[in-house]
Each structure stands twice: as structure tokens, then as C-alpha cells.
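Here is a friendly walk through one protein chain, written for someone who likes to have the geometry spelled out. Keep the viewer open and follow along.

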Amino acid sequence: MIKEKFDAIVVGAGMSGNAAAYTMASHGLKVLQLERGEYPGSKNVQGAIMYANMLEKIIPDFRDDAPLERHLVEQRLWVMDDTSHTGIHYRSDDFNEAKPNRYTIIRAQFDKWFSRKVREAGATVLCETTVTELVRDAKDKVVGVRTDRVGGEIFADVVVLAEGVSGLLGTRAGLREMPRPKSVALAVKEMHFLPEEVIEQRFGLKAGEGCVIEAVGTISRSMAGLGFLYTNKESISLGIGCLVSDFASMMESPYVILDALKNHPSIRPLIAGSEVKEYAAHLIPEGGYNAIPQLFGDGWVVVGDAAQLNNAVHREGSNLAMTSGRIAAEAIMQVKSRKRPMTKQNLALYKTMLNKSFVIKDLKKYKDMPALLHTNSQNFFTTYPQLMSQAAQNFMRVDGTPKIDKEKATTAAFIKARSRWGLVSDVVRLAFAWR
């Protein structure tokens, strides 16, 4: 194995791991990055939204050669029942700016590109290498890792755990608890391939423009969940995610849920004639601020999904991951520049810096939202979508029924919901959680 000692070892080559490794390597630190997959991105087939500002702080000229799909000019939000959707959307030509704000990406391609940048910055990247345990000294400080390769241990001043939401290495080492089923979602996704011009015609887009649809409602069968559709250059990422605990308690199959979404009357025309070439499942941290584990210790820090840094309320993950990786790297560099050891006391700088960023501020602001939505999932994901659809249909259907009778029927339905499910209570609690 490798005999030399490194300034830092980064475990994982996803968004947070690549951000940390690139930041440190580009500033002259000796970095080793270890990835268990065949290549960076091989374990991540997620289609995703990438926020430009966060990557720009790491690689300012990333637009020159990064594998970007479409820049987003339109966002649609749908509340669905079994046969309809009620929605709002925002579209602006302002997003056709010289340096767009959001892009759709295909992670398998993007992560491979990001890893190439890490190598070009001077880091050593080893794939098909699984870290089996952390190496500690006599004082219990982490001083390196042990892998499944022959040759023993690899040593470093600090280890960055960017291993993803499962975080088996950190769990085995006792650095954190295993993520609970109620704080992790399972998302399943298909890639539907269509000609570029067909996608643009169906969504009213010009070349290079993209649209995102995010949906809640009866599509998740009373579970706390979100459906999504992202337009790529020549494909559509279509999927749905629900809490692992809900899948278990409701005895629902994620494949069945996704199949129902594909065949919903609002979705089916958008993917008609497409060829499905990929199917994937992906775990997503959903616990929010209250699920964040210890972020640092003697000789180690944890970043990205492994740290539960995901804003489920605003569907943001990759930007939090990249930002946490960058901030962890900057904290490590500051400690090193002061010629101080990578102790828990000194690495607390990472948490201090992270607390000042949007990452913790946003998660803390909406810390009560996940619990509210999960606890009242029957209301928010079934009852209220059905009421919205009923009210809209009563308003638009003209069949000779007096308008006053329709208004009474709609009012009665909402009064029934208020008394039966606590509509007013839910609205008030939602408003306070969103405050």
C-alpha cells in the first residue's frame, strides 16, 4: 500500500468529498482521496440540480468544461390527486443570464469530471478502495485509515469523512449513530431518453433551457414524499422519494409508487414515447438540523450527506455538500497554517465556520418543518390535495348546478376537514415552522 504520510485523507468522491479534496490540493496540501466505486460517480446515478454559486467558490471557471445539462429557467410546483394537479410555476428570462444560477446534471458524469479536477489539482485518487476502519493512536486520536487493499495502514494528519448518508465507517468507529429510518428517504428514479428537440417542444423551452417539476400529493400514498421531474439535454429524470420508515410501515414498494407516478395523467404525456435506459435508487438524508451528528473530533471531520446536511424543505443537497466540504478544507488549512495539531479543540473551527454559513442557518431556521410534515403526512399528502382538487373542479365545472350550491359543498368539505383533521391547526403550525 502507500507508505508516505498525507496531510489529509478524504473518504468518498461525491460532491462533498471532491470539494474538500480539491480545495486542499489546490492550496498545496498532500491529499489522498479514496473511493470504493470503480470510478467517481459509478455509485451515484442520481440526476440532480446543481447550484452554480457554490461550485463557483471552488472552481470559478467550471462552466468551461463541466458536463452541464440544461440551465433552469422554470420551476413548477404541483399538488396532485389521482387524476389532476393544482400548480404554480415561476419562469423568468432573467435566468438566461451569462452565468446561469442552476443547472441539471447527471451525477455519474459530473462526479467523474469533478474527480479529474481533483487529480489536476495534485491529489492522489484511488478508486475501488474501501476504507474498512479508522486507525487511532494510543490517545484515541484518528491518525489514518485501514483499507481492503494489501499493505496495511495509511496515515494522515486528518481524515475527512465524505462517505455519504449511510456512513458505515463513521458508525462502526462510534463517531455517530446509524441514521434512523425516519430521517432517511429512499428515492427511486428512471432516466427517460427523448430527442433534444422533443423535450424542448413539450416543455416550451429553447435550446439549453431547462424546467423542473416537483410534486406532492396522493402520488406518495399518504407517505411523506416528493415526486420530481428534471429535464436534461436528451433525457428526463423522473422519480419519487419517501421516508424509509414510511415504506416499512405502509408496506409499499418504491417501484409501484414510481410506476403510478409515470402513469399519472399529468405526467404520462410528458414522457410519452421515451426509452427507459436507467433505473436507480438513492438514499437521501431528511432529518434536517435535529439529525446533524457530531461534526468533528480528534483527527477527523464529517461533511455532506454523512453529516445529514440536506435541506429537504427546499430540496437542496448538492450545494450544502459542496459548501461543507469546502469549509472543512478551509478550516483544516487554517489549523495547519498555524502549525497546530488536528485535535478536536482545533478542528472545532470547522463547526464555527459552518455555523456562519447559509448551511446551518437555513437548516436551523426550518428545523421543525420535517417533523411537522412527517407527523401529519396523511393530511398534507392526501387530504389537502384532494380538497384543493375538489374546490378547483367545483369552480371550473359548469353543469347547471347553482353556484351557491357548489360553494356550500366546497365549504362543507373544508369544514369537515377542519374538524376531522385539524386543518386550521395544521395551517398555523405550518406557518410557524416556516417562519
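## Helix packing and selected residues

Helix 1 and helix 9 cross with a right-handed sense. Their axes come within 7 Å, at a crossing angle of roughly 30 degrees. On the helix 1 side the contact involves M15, S16, A19, A20, T23 and M24. Helix 9 contributes S318, A321, M322, S324, G325, R326, A329, E330, I332 and M333. Sorted by class, the contact of helix 1 with helix 9 holds nine nonpolar, five polar and two charged residues.

Please bear in mind that this is a predicted model.

**The chain as a whole**

The protein chain has 435 residues, and buried residues make up 53% of them. Its secondary structure comprises 15 helices and 17 strands. How many of the contacts between residues at least 6 apart in sequence join residues at least 24 apart? The share is 71%.

Two packed helices are described by the angle between their axes and the distance between the axes.

| Helix pair | Axis angle | Axis distance |
|---|---|---|
| Helix 1 (residues 15-25) and helix 9 | roughly 30 degrees | within 7 Å |
| Helix 9 (residues 318-337) and helix 10 (residues 344-355) | about 140 degrees | 9 Å |
| Helix 9 and helix 11 (residues 358-365) | roughly 135 degrees | within 10 Å |

Take the pair of helix 9 and helix 10, which pack at about 140 degrees. Helix 9 and helix 10 are therefore oblique to each other. Their crossing is right-handed. From helix 9, the residues S324, I327, A328, E330, A331, I332, Q334 and V335 take part, and they meet N346, L347, L349, Y350, M353 and L354 of helix 10. The residues of this contact of helix 9 with helix 10 include 10 nonpolar, three polar and one charged.

Now for helix 9 and helix 11, whose axes cross at roughly 135 degrees. That angle makes helix 9 oblique to helix 11. In this contact N319, L320 and T323 of helix 9 meet F358, V359 and L363 of helix 11. The contact of helix 9 with helix 11 has four nonpolar and two polar residues, with no charged ones.

**A residue in strand 14**

L238 sits in strand 14, which spans residues 235-243. Is L238 buried or exposed? L238 has a relative accessible area of 1%, so it counts as buried. Setting aside neighbours within four places in sequence, L238 is in contact with V188, K189, E190, H192, F228, L229, L258, L261, K262, I267 and I271. L238 can also be placed relative to G227: the two are 11 residues apart in sequence, and their C-alpha atoms are 7.7 Å apart in space.

**Loops and positive phi**

Most residues other than glycine have a negative phi, and most peptide bonds are trans. Which value does phi take at E128? E128, which is not a glycine, has a positive phi of about 50 degrees. E128 lies in the loop between strand 7 (124-126) and strand 8 (131-136), and its relative accessibility of 52% means that E128 counts as exposed.

R221 is a residue other than glycine, and its phi is also positive, near 55 degrees. R221 belongs to the loop between strand 12 (209-217) and strand 13 (225-231). With 32% relative accessibility, R221 counts as partly exposed.

T218 has its place in the loop between strand 12 and strand 13. T218 is buried, at a relative accessible area of 11%. Apart from neighbours within four places in sequence, T218 is in contact with M80, D81, D82, F381, T382 and Q386.

**Cysteines and helix 14**

A disulfide is a covalent bond between the sulfur atoms of two cysteines. With a cut-off of 2.5 Å between cysteine sulfur atoms, the count comes to zero disulfides. C127 counts as buried at 12% relative accessibility, and C211 is buried with a relative accessible area of 0%.

Finally, D405 is found in helix 14 (residues 403-421). D405 counts as partly exposed, at 37% relative accessibility. D405 and N394 are 11 residues apart in sequence, with their C-alpha atoms 9.8 Å apart in space.

Methods: Residues numbered from 1 in each chain as written. Predicted model: local features only at pLDDT ≥ 70, side-chain atom pairs only at ≥ 80, totals over all residues. Heavy atoms only, no water. Axes fitted to C-alpha atoms, helices over the stretch in contact; angles between N-to-C directions. Helix = DSSP H or I, 4+ residues; strand = E, 2+ residues; numbered from the N terminus. Parallel < 35°, antiparallel > 145°, perpendicular 65-115°, else oblique. Left-handed = near helix turned anticlockwise from the far one by under 90°. Contact = heavy atoms within 4.5 Å. Nonpolar A, V, L, I, M, F, W, Y, C, P; charged D, E, K, R; others polar. Buried < 20%, exposed > 50% of the residue type's maximum accessible area, 1.4 Å probe, protein only.
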